[in-house]
Amino acid sequence: MTVRAHIGLKELCTLSSSVKSFLGPIKSYKFIYDQDTQESALTCSAFRLLENLDLTGAIGQLLYETIQSHHKAYQTGTTTLCFLVGAWSKAVLECLHQGVPVSLIVSVMLEGLNSCIEIVESLYIKLDNVHLSNINSNNQVLVKDEGNACVTSSKNQSVSCTDQPVPSGFHHSNHLPKNRMQRQFTSHAGSVEGKTCHMNRLSHSRHFSVPNRSCFLSSASTLPTNFHTLLDLTQSLSHGNSEAMKLVQEAVHHLCESAETNSVTKNLFGASQLELCVLKSQSAFSNAFLGFTTLVTVDNYALVKNLEGKSLKAILVDGDVSENYRHIGFNKATNVKSIAEFKRIGKCEHDQSWISIAFKKIIDASIDLILVRGDVCQQFLMQCHGRGILVIPHVRPNVLQAFSECTGAEPVTYLTQINCNSLGCDVYISLCMIGSSILESSQKIALNLKARGLNLVTVVISCRLPAKEQLLEDTFRACSFRLHHALYDQKVFPGGGAVELLCLSHLRKHEETVKMFGLDCKDFNPSLWLSYSAIHYKGFIYKCLADGFYKYLSALLCNMSEYSSELEAMTFIENQLKKIRDFSSPSSYILNEYVKSIVTVDDQELPSSHRPIVYDNVTPKVEAWRRALHLVLLVLQSDAEIITGSAAHTQIVKGDLTGELLFL
Amino acid sequence: MATVEMKKPSLCTAGPVSSASIRDPLKVLQMIATSSYGPTGRLKQVHNGSGGYVITTSQSSALISGLSISHPVLQLLVSSIRNHISSFSDCGLFALILCCNLIDRCLTLPLSPHKIITINNSLLNMCLSYLTSEACACKLKVDFSCNSSFIDLTRSVLCSKPACMLTVKEVDYITVLVVKSFLFRVPAESTSNVLLGRTVMVPVEGLSVMESTLIPGVLIEMPGSSWNRTLDLSYMPSADIKLALFSVSLSGDFGDTGDGFVDVMDGVDPEEVMLEQLLALGKRLVDDHVHILVCQKVIHPSLKQYLKEQKMLAVERLGAALMEPLSQMTGAQSIASLSSLYSTCYGSLRQISRMSHGNKQYLHLIPCDTSVCSFVLCNRNETSLKELVRVCQTAEHTLNQLLKDPWLLLGGGCAETHLAAYVRSKSTNIHSSDLEELNCSVAEYKLASDCFSSCLESTARSLEHDGGDTLTDLQDGHFWSLPPNSTPDIILHHCTETKQKCGCQLLRKSDDTVWSMLGSAYKPFSPRSSTDVYQLFMSKEPLVLDSFSGKYNGLKVAVNTAGLILDLAYVIKDEN
């Protein structure tokens, strides 16, 4: 049998091999250096990596487009996508090497993935109630009801909330060098942590030390079984970026306070409500402020000080404030000539400058604050400054939208449109202070705008290294979107490779049973000979699909520094698979036993439960799997590239199987 | 100073087709077409080699429209196929493969091109008359009283494009939606001014295919930021909403003033004048009690503000694609100037509401009847979505053609093999009077007709891409596929053990079927006529069907173009 080398799949393998170090909570950064332009970029996300590489081939472009659309939709999970593309490309090449027909590979792999996605539904952890803290309004300590976990051997019950959550019988967690956990969870001024400690202290009392579940029900008021606090959720979703997640958590806290509610729902928090403001300063600083925080030049200081504390009237301008600005879609006529019959004598009364007309309108409406989406012309700015009116240019459209919604002001495109509908009231301005000094960076001061009902939080980050700015922004966005998706889906997965392990065991079982049960009538086409010969190949194809998950899991375990070599990781996976096979229900094994083997991040003394410590998002993960497999199968089925070269005036057809060029 | 150059003389190439220069590019074209044919075909990636957009497809319209060929003979070939595709949208690859096969094989025949062309024409007429006759055993009449033929046809079209990556469940679901949209399009009563309805495709990326729906009316995409503030639908009346449709730009600019200059009196600001006109127009609309204004291009912000205060909904940037469907749906005439407004050019709607699909927001305009529908198609990634949109448009077009030609051909390669068997059997029994008319001998006729039949058979064989063998049965001449390297024992075993069906899924294997490898010579037989196989058609099992008019015209185009190319004697090229 001849070995058919599929060039497209090989290219996919090569392109995705570089993201291996991005998997898991401990990422190694990569520098991308452009020799021609001498530019460099620092990144730890697959999306930024591919963005900075100049990919001109069709396959590279397809990969980039897939990752780009995933990033746009979810902002997290792109590394999973990229790695699985590479792993599954290798698996498909293996299938081709064995001579499996292409159409069969496509249909059986799609079927296999769909069945995996169905089976992992049993691992969903529901998030119906996410509360800000676990003390309700009556100041009672709310205790979790452990009834959600299934009843297993009594060995589990010794893990009560009095002890530290030491996993019993999983020795590899002890191998973990403690000095790796350097991120401390510093005591934070917010009230949330205080309440959790409070809960732990109470739990040391004799009422709670009995390892019997029923006593939990008798004392304090119990919560529904899927109660989570925001703190638990954010820590579990942080995946190693605990600082960025801390900011997200602060932001959500502010939103909850302003909305005066204790439960965090998807209506309250959407990742688009978080703004980011990056300062370039000497000290590393990060904080979250309620409202819109932005930087203005230092000479506005006196103005701001004057306006502080007063209830201001604001208008929102959706465009530039300049004489020559016209709204989008307006094509300025360039061939207009102005002619006059008589020379004008003296100044006409209509001959006022644009600035003075505009300014007069502002003064008449007694406006104090103007938020502009685009640029502001310098003269107008100076005139406003002289009159004590603050003008802020370059405001993002979603911020304008948020202000418009809460103040009722209609955004205007031209200043001539100002009328009573476009004025917004009750806007407050204040300087951002750190301790007793003003927050400033590179000749600009930070000020904060608030309005009643404004559900916008700005997170201010500063870093010393310009190279790290993009990185910080990316990790912050990824963390906020992880929380967003968790609240949106109302469920999460247990993390640390638990889901992939279940898929692996499921596919292994399928591989064995397919030989016994014969034809599966799902994707059956009675006129193709392939449908009848499928039985010979199905087992092998399932094995190849499982190989992708296998590689992912071993790379993840290696990256978590638990195993120094891939062989150790593979041994661990095989042991787990054997244990799952002996267990009656794989999903309950994973939910209860496997997750305890995941190391507790940050050495936390979290209240014990049978819940896993690390979470993964549901939709971004499952969609990443689907997109990765679709891309691999699409490239598998393509056998030629047709290059329409306008420069060459010829058609070039490149055969993917053989790599030669043919001209039309 | 202009330079005067002598005109270069035109270049004349004699005998372009007989030289070897055509064989290689023709082979490449044939390879492209054959490898993309059918439901197990491979995909091609079309791009411009310098970072432009990549299309991954196996559909003929996308593949052929991407080609820009320099060889004049191939240009002729491709342009006639393009013509066929633009009229019928289906069977483009079939026509291309058959044409390439014909040219390739006929060049190897030791006959003069003129003779080959005459014989091919007579064979073509023979095929076409058989296809239109009552005794044709590979065609099926459409029964308009039940849905099964529509569903089978649509399913065959959808399954033929593997780039959509649809599972069986998804294929069934989309098939039902496509057939539904066809039924909506056909008008209920036949009045004097009957017009076929339309379906507007609304692609949505990122969702699963099962989230596709069919919605009566038109969906206009609204940008998310202007959603809550500018859309207040509480002022709309509950029925009979008046709509004004503008195709001219309401942004306050002059529009196209041509090359000359526009003279303006001093002291007059043209923009102010335009704005005044716009506001006067707005006032007219308010006086006429119009509820919604839809503009193809941009609306001036001041006009928008005024209309909002007057509680009128203003929708801008509709785009040219939606103008005609909207106009057909509401009865509104699109207004192309700012001054002439008649009350008869307004349209009416039943209801306006909001809709969101995925993370896009739409304004939903619901008409009083179902003549215009929006087909919201979803798929996971952009490539598959674009392919799905193309396939659904092809299916739509094919269903529309059924209204004119209510016939269907058996698909899966069976119609071609059946035709080939028919041609073989008829040409062994040719009359000497026909031979005299064609002015050729029996041997010459046999050579040419063998070549014609084997071209048809090899077109059918192109459906097999995974190395399997293809057979035909010597009773009906249908297409059967087998695993590769089958020995006679395996064939026998395959017959009795499995319940494999033929390419169109009409026939089942039975013990007394006589087989022959497709492409090898077999004893000519006369296939069973339609009366004998009539019973099988009544069995109500799903079949693989092809569009009759598409295949009919494809056959005609292929043979005629091949004849044209074989007849080429000179190519004259202008070198200037």
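Why does B:Val204 count as buried? B:Val204 is buried because 20 other C-beta atoms lie within 10 Å, and the definition calls a residue buried if 20 or more other C-beta atoms lie within 10 Å of its own, exposed if 12 or fewer, and partly exposed in between, with the C-beta atoms placed from the backbone.

Before going on, a word about what we are looking at. This is a predicted model, in which local features need pLDDT of at least 70 and side-chain atom pairs count only at pLDDT 80 or more, while totals for chains, interfaces and linings use all residues. Residues are numbered from 1 along each chain as its sequence is written, and chains are lettered from A and ligands numbered from 1 in the order in which they are written.

Back to the valine. B:Val204 sits in strand E5 of chain B, residues 198–205, where helices (H or I, at least four residues) and strands (E, at least two) are DSSP runs numbered from the N terminus. Setting aside neighbours within four places in sequence, B:Val204 has contacts with B:His357, B:Gly358, B:Lys360, B:Val376, B:Leu377 and B:Cys378; two residues are in contact if their C-beta atoms, placed from the backbone, lie within 7 Å. B:His357 is 153 residues away from B:Val204 along the chain, and yet their C-alpha atoms are separated by 7.8 Å.

The C-alpha atoms of chain B fill a box of roughly 90 × 75 × 50 Å along the principal axes. Chain A has 19 helices and 23 strands, and of its 664 residues 42% count as buried. If we take the contacts in chain A with a separation of 6 or more, 76% of them join residues 24 or more positions apart.

How confident is the predictor in chain A? The mean pLDDT, which is the predictor's confidence in each residue from 0 to 100, is 74 for chain A, and 75% of its residues reach 70 or more. Within chain A, confidence is lowest in helix H7, residues 214–218, with a mean of 33, and highest in helix H19, at 93. The pLDDT is below 50 over residues 136–225 of chain A, a stretch that has 101 contacts in the model beyond near neighbours in sequence.

Helix H19 of chain A, residues 619–637, packs with helix H1 of chain A, residues 7–16, at an angle of about 145° and with their axes 8 Å apart. Here axes are lines fitted to C-alpha atoms, for helices over the stretch in contact, and angles run from 0 to 180 degrees between N-to-C directions. H1(A) brings A:Gly8, A:Leu9 and A:Leu12 to this contact, and H19(A) brings A:Val632, A:Val635 and A:Leu636. Five of the contact residues are nonpolar, one is polar and none is charged; Ala, Val, Leu, Ile, Met, Phe, Trp, Tyr, Cys and Pro count as nonpolar, Asp, Glu, Lys and Arg as charged, and the others, Gly among them, as polar.

Let me turn to strands, which pair if DSSP finds at least two bridges between them. In chain A, strands E1 (residues 30–33) and E2 (residues 40–43) pair in the antiparallel sense over four bridges, and A:Lys30 stands opposite A:Thr43. These two strands form a hairpin with six residues between them, and A:Gln38 in the turn has a positive phi of about 60°.

Finally, where do the chains meet? In the model, 69 residues of chain B are in contact with 64 residues of chain A. The chain B side has 25 nonpolar, 32 polar and twelve charged residues. Strand E10 of chain A, residues 336–339, pairs with E9(B) in the parallel sense over four bridges, and A:Lys337 has B:Asp263 as its bridge partner there.
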